[in-house]
Amino acid sequence: MTFENDHVSFKVNGKQYNVNEDKNTPLLFVLREYLGLSATRFGCGEGTCGACTVIINDEAILSCDVPVGEIEGKSVETAEGLQREPNDPLFRAFIKNQAGQCGYCLSGILMASKALLRKDPFVSRAKIAKALDGNLCRCGAHKRILDAIEEAAKSVVDNA
Ligand code: FES
Ligand code: FES
């Protein structure tokens, strides 16, 4: 789909934004360059690494692969939103398990797992691994990342 230049309105972490950008610009670049929300990472830029994962209307989406024109009226969540929730079970479990090394992959993984636990807090480790199959961690911290998500899921269920 190709869009004409025009403005786009959408929410990020609950705040309303009106953006005058080419509507074909990937959401990833609008978040990072135009809105200054740089927690969402640029990895491959072509939909194969998961570093740029955000939540759009409750779905985990690769922001490098979505023209900003497609999110008119929608609600986007990024890792900056998680930073404002220090008691979020995922946030706490990732810190406790030291789930990550360089951290580059983590904002995408956090958003992918947040969308997953929201849909299915009883999710099994095998399903977590399958759901995160597209989120690469070049440091090889997958085991600790899975440990953290599993622990966060248990905490969500225990506190339900
Ligand atoms: S930067 Fe979007 S999938 Fe790699
Ligand atoms: S912690 Fe370094 S890429 Fe995952």
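View 1. Let's start in strand S5 (residues 75-77), where Glu 77 is the bridge partner of Ile 55. This is a predicted model, in which local features need pLDDT of at least 70, side-chain atom pairs count only at pLDDT 80 or more, and totals for chains, interfaces and linings use all residues. Residues are numbered from 1 along each chain as its sequence is written, while chains are lettered from A and ligands numbered from 1 in the order in which they are written. S3 and S5 run antiparallel and are joined by two bridges. S3 is also joined to S4 by four bridges, again in an antiparallel arrangement. Strands count as paired if DSSP finds at least two bridges between them; strands (E, at least two residues) and helices (H or I, at least four) are DSSP runs numbered from the N terminus.

**View 2. The hairpin of S3 and S4.** Two residues lie between the strands of this hairpin, and Asn 57 takes a positive phi near 45°. Look also for Ile 56, which stands opposite Glu 59 in S4.

View 3. The protein is divided into domain 1 (6-78) and domain 2 (82-158), with bounds from an automatic or database domain assignment. Their C-alpha centres lie 21 Å apart. Domain 1 gives 15 residues to the contact and domain 2 gives 12; residues are in contact if their C-beta atoms, placed from the backbone, lie within 7 Å. On the domain 1 side, S3 (53-56) and S4 (59-62) each supply at least two residues, and the largest share, three residues, comes from S3.

**View 4. Helices H4 and H6 crossing.** Two packed helices are described by the angle between their axes and the distance between the axes. Here the axes of H4 (residues 106-119) and H6 (residues 142-158) come within 11 Å and cross at roughly 35°. These axes are lines fitted to C-alpha atoms over the stretch in contact, with angles running from 0 to 180 degrees between N-to-C directions. H4 contributes Ile 109, Ser 113 and Leu 117, and H6 contributes Ile 145, Ile 149, Ala 152, Ala 153 and Val 156.

**View 5. Helix H1 and its surroundings.** In H1 (residues 27-34), Leu 27, Leu 28, Val 30 and Leu 31 are buried, meaning that 20 or more other C-beta atoms, placed from the backbone, lie within 10 Å of a residue's own. The buried residues of H1 pack against strand S2 (15-21). Just after the helix, Gly 36 takes a positive phi of about 70°.

Conventions: Two residues are in contact if their C-beta atoms, placed from the backbone, lie within 7 Å. A residue is buried if 20 or more other C-beta atoms lie within 10 Å of its own, exposed if 12 or fewer, and partly exposed in between; C-beta atoms are placed from the backbone.
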